[in-house]
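Hi everyone, thanks for making time this morning. Let me bring it up on the screen.

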Amino acid sequence: MHVLAYLPMAAVEVLRCALGQHDRLQAVGSWQELMDWLRRQWPEPVNVLVCDPLIDPDGESDERPAASWEVALATAVRRRPALPVVLYAQLDGRLPKVLLASGRYGVDEIVIRYHNDAPAQLRRVLEQVTASMVGARLWGGMSHRLLGGRAPRVGTIRRVLLRPYEFPTLGVLVRAAAALAEHDTISVYRARHALDRWLERHGIASARTVLICARVGWAYAALRRPGTNVKQVAARLGYAKVRTLTRHIGQVAGCRPSELAKTVLEEALVAHLGCLVMPGRDGRGVADRAR
């Protein structure tokens with residue numbers, strides 16, 4: 001895991017304690033340095049951006065951070081739409097304003113200093129957001145197609161790709177996309193077909209295909225972490241049976257879970273999944289746009 005951080009020094013040290021021996025932490029001291037890193041990170045990819053929006057370019061507290069932070073985050077997202085972003089800040093009266101400004105740009109997680117930033121907790125957050133990197137790259141290649149779409153549907157598709165574990169069944173996805181109440185079972189069937197037709201109009205595969213591909217992409221990253229097995233991943237993704245996940249990996253990637261983690265390159269998987277979720281498109285183009 002390669003972490004790019006723009007934080008006060010005390011927070012950098014906490015973050016350093018949360019990382020493993022094989023992880024890399026690159027701390028920067030200004031927004032300009034942060035932008036420089038985002039511009040030149042390929043072919044040396046950064047997996048996650050962790051930053052405190054309440055510090056100014058000199059690393060000190062900023063009295064009015066919201067406007068400058070919004071511009072900086074918008075620039076970062078525009079340059080790397082697939083890069084997960086974690087806000088790591090101290091609870092402060094200025095924080096709600098910053099969160100309102102940044103929410104529109106899809107911040108993945110928020111960690112509050114001295115509250116939920118114990119090294120083990122912070123480690124889990126970083127593992128969770130970096131496990132969605134394949135889905136994030138797919139979203140980076142797909143998002144331009146959904147501009148101007150209905151907010152619940154667009155937001156749900158993004159969440160499916162980044163956090164498929166929030167959707168243990170296709171019905172949960174459909175309800176979220178259509179903003180249906182949990183008891184409204186009659187409308188789910190119609191809502192699913194309406195969602196599939198909407199996706200088709202935008203050149204995207206069915207909701208079921210998107211969900212399965214998102215799960216396989218998330219499983220790929222999770223299985224590459226030391227000590228993680230397919231049973232744990234299946235449980236996290238909401239599968240009742242491990243063999244169902246094994247079957248989905250076989251259908252999508254043509255291999256077993258152990259082979260997926262050890263032999264498949266991320267670039268190849270992103271390209272292949274891109275062809276599945278956006279039929280008729282060149283998967284390499286998906287990978288390129290996601291950068």
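Please look at helix α1, residues 9-18, and helix α5, residues 119-130: their axes come within 8 Å and cross at roughly 75°. Before we go further, please keep in mind that this is a predicted model.

How are α1 and α5 oriented to each other, roughly parallel or roughly perpendicular? Angles from 65 to 115 degrees count as roughly perpendicular, so α1 and α5 are roughly perpendicular to each other.

And which residues make the contact? From α1 we have Val-14, Leu-15, Cys-17 and Ala-18. On the α5 side, Pro-119, Leu-122, Arg-123 and Leu-126 take part. If you sort the residues of this contact by type, seven are nonpolar, one is charged and none is polar.

Now for the charges. As a reminder, side chains of opposite charge can pair when their charged atoms come close. How many salt bridges are there here? The count comes to five, and I'll show you some of them.

Let's stay with helix α1 for a moment. Glu-13 and Arg-16 form a salt bridge through their side chains, at 3.6 Å from N to O. These two sit three residues apart in α1, so about one helical turn separates them. Glu-13 is partly exposed, at 38% relative accessibility, and Arg-16 is partly exposed too, with a relative accessible area of 43%.

The next pair is Glu-267 with Arg-137, a salt bridge at 3.0 Å, N to O. Here distant parts of the chain are linked: Glu-267 belongs to helix α14, residues 266-277, while Arg-137 belongs to helix α6, residues 133-142, and the two are 130 residues apart. Is Arg-137 buried or exposed? With a relative accessibility of 2%, Arg-137 counts as buried, because the cut-off for buried is under 20%.

Finally, let's return to Arg-137. Through salt bridges that share partners, Arg-137, Glu-266 and Glu-267 are joined into one network.

Note on methods: Residues are numbered from 1 along each chain as its sequence is written. This is a predicted model: local features need pLDDT of at least 70, side-chain atom pairs count only at pLDDT 80 or more; totals for chains, interfaces and linings use all residues. Side-chain values use heavy atoms; hydrogens and water are left out. Axes are lines fitted to C-alpha atoms, for helices over the stretch in contact, and angles run from 0 to 180 degrees between N-to-C directions. Helices (H or I, at least four residues) and strands (E, at least two) are DSSP runs, numbered from the N terminus. Angles under 35 degrees count as roughly parallel, over 145 as roughly antiparallel, 65 to 115 as roughly perpendicular and the rest as oblique. Contact means heavy atoms within 4.5 Å. Ala, Val, Leu, Ile, Met, Phe, Trp, Tyr, Cys and Pro count as nonpolar, Asp, Glu, Lys and Arg as charged, and the others, Gly among them, as polar. A salt bridge is a side-chain nitrogen of Lys or Arg within 4 Å of a carboxyl oxygen of Asp or Glu. Buried means under 20% relative accessible area, exposed over 50%, partly exposed in between (1.4 Å probe, protein chains only).
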